[in-house]
Amino acid sequence: HVMALALNRTSGSQNAMLASRSLDGGLSWSNPATLILDTDGVAFFNDKNSITADPTNSNFVYAVWDRLASNGNGPAYFARSINGGISWEAAKSIYNPGGSGQTIGNLVTVIPDGTLINLFTKIVNIGGIDIATLAVIRSGNQGTTWSQPFQISDLLAVGTRDPETGTLIRDGSILAQIATGPDGKLYVVWQDSRFSGGLIDGIAFSQSTDGGLTWSNPIQINSDHNVQAMIPTVHVRPDGVIGVAYYDLRSNTSDPATLLTDYWLATSEDGLNWSESRITKPFDYTTAPFAVGYFIGDYQSLVSSNNVFIPFFVKTNSGNFVNRTAVFAAPAVFMVTGKSYIPGSATPKRSASMGRRVHENIQRVKKQRDSRRLHFSPRLPRGTG
């Protein structure tokens with residue numbers, strides 16, 4: 001199954017969510033089904049979509065996204081197929097934070113008893129300050145009805161920058177990722193600055209043993225706490241081993257002309273003790289396309305086959321400005337460092353400077369979303385925003 005955000009600026013600023021399926025391993029695909037169609041991209045813009053095939057019942061397929069309105073409101077929208085993607089039921093809102101509150105990064109996973117878990121970031125403004133939290137909602141009837149949110153944690157990301165030049169990196173700072181283990185445990189990872197008192201982002205990790213009702217206090221699982229880390233993704237192998245892949249800047253030098261970056265895989269059998277392997281040799285992030293910051297994409301993927309982790313990721317072709325980036329899959333080609341470690345933990349000590357930096361980061365992301373929404377309006381000159 002595949003899902004896409006489709007745009008048609010020439011026909012009234014249409015934007016839509018589409019889904020298609022393949023019955024032959026991806027060699028051919030069905031004509032896309034329209035899950036939602038909005039004809040006024042200023043009034044409503046559909047964004048940040050994901051699709052999940054139910055591993056407990058192949059008849060069910062779930063699609064989620066946020067539908068951003070002109071007043072800033074962004075409820076979580078959901079559509080499902082009950083016949084393996086042949087047809088789709090009408091899309092509906094499954095959670096609305098109200099007012100100018102919005103969701104982003106909706107992602108459905110399914111635990112072994114068939115319960116659906118939808119992870120999302122909730123953004124609200126309180127007293128002029130934007131606040132982000134991570135939460136899940138649950139459905140015990142394949143998405144017919146949904147619970148109220150269960151909070152995982154505050155999200156205290158400040159975003160990443162080139163340490164020498166201050167240039168922004170367009171990362172996944174307010175997008176979390178979720179995975180389900182074979183025993184039904186849930187794991188969530190995200191960027192967070194709580195471990196450094198709001199100075200730099202590390203990789204936060206929380207788990208739930210009761211289907212998302214309660215969550216552990218976040219721990220920091222990137223091993224080098226002195227450098228920025230970003231864009232994590234998580235997966236659990238069939239044998240229960242947890243994997244988290246992420247980028248960090250530990251190979252960077254003081255040379256302002258380069259931004260050397262590594263991609264890592266941290267693994268654990270219990271969520272408490274971790275070891276790491278290097279996925280890539282250092283590459284120069286400054287080769288990346290520039291879109292309100294160096295940009296290689298703000299989420300990657302991690303899967304497994306026969307208990308072998310397979311990261312799916314993007315890196316730059318260092319110094320190649322004709323073909324700046326490439327997509328890679330890296331099954332079992334890791335360079336083992338032999339480093340084992342116990343993650344750090346921290347209770348966030350909120351300060352005015354931390355709150356300001358978190359607010360500014362959320363504002364940057366919201367402006368990026370608004371710019372995309374307005375860019376596809378026929379009422380405005382191309383390039384507005």
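**Close-up views of a predicted model**

View 1. Gly172 is buried, with a relative accessible area of 3%, where buried means under 20% relative accessible area, exposed over 50% and partly exposed in between, with a 1.4 Å probe and protein chains only. The model is predicted, so that local features need pLDDT of at least 70 and side-chain atom pairs count only at pLDDT 80 or more, whereas totals for chains, interfaces and linings use all residues. Residues are numbered from 1 along each chain as its sequence is written, and side-chain values use heavy atoms, with hydrogens and water left out. Gly172 sits in the loop between strand 13 and strand 14; helices (H or I, at least four residues) and strands (E, at least two) are DSSP runs numbered from the N terminus. Leaving aside neighbours within four places in sequence, Gly172 is in contact (heavy atoms within 4.5 Å) with Gln191, Ile231 and Asp298. Gly159, 13 residues apart from Gly172 in sequence, is 8.1 Å apart from it in space, C-alpha to C-alpha.

**View 2. The largest nonpolar core.** This core, a set of buried Ala, Val, Leu, Ile, Met, Phe, Trp, Tyr and Cys residues joined through side-chain atoms within 4.5 Å, has 28 residues, and those with the most contacts inside it are Ile152, Ile178, Val188 and Trp190. Two or more residues come from each of strand 8 (102–110), strand 9 (116–126), strand 10 (129–139), strand 15 (186–192) and helix 1 (352–375), and helix 1 gives the most, with 4 residues. Not counting residues up to four places away in sequence, Ile152 touches Leu119, Leu134, Ala135, Val136, Val188, Trp190, Ser206 and Trp215.

**View 3. The second largest pocket.** About 410 Å³ of space lies in this pocket, a pocket being, on a 1 Å grid over the protein atoms alone, an open set of points where a 1.4 Å probe fits, with protein on both sides within 12 Å along at least five of seven lines, and lining residues having an atom within 4 Å of a point. Of the 27 lining residues, Lys48, Arg170, Phe295, Asp298 and Gln368 lie nearest the centre of the second largest pocket. Strand 4, strand 13 (168–169) and helix 1 each supply at least two residues of this lining, and the largest share, 6 residues, comes from helix 1.

Note on methods
Grid points are joined across faces, edges and corners, and a volume is the space filled by probe spheres set on the points.
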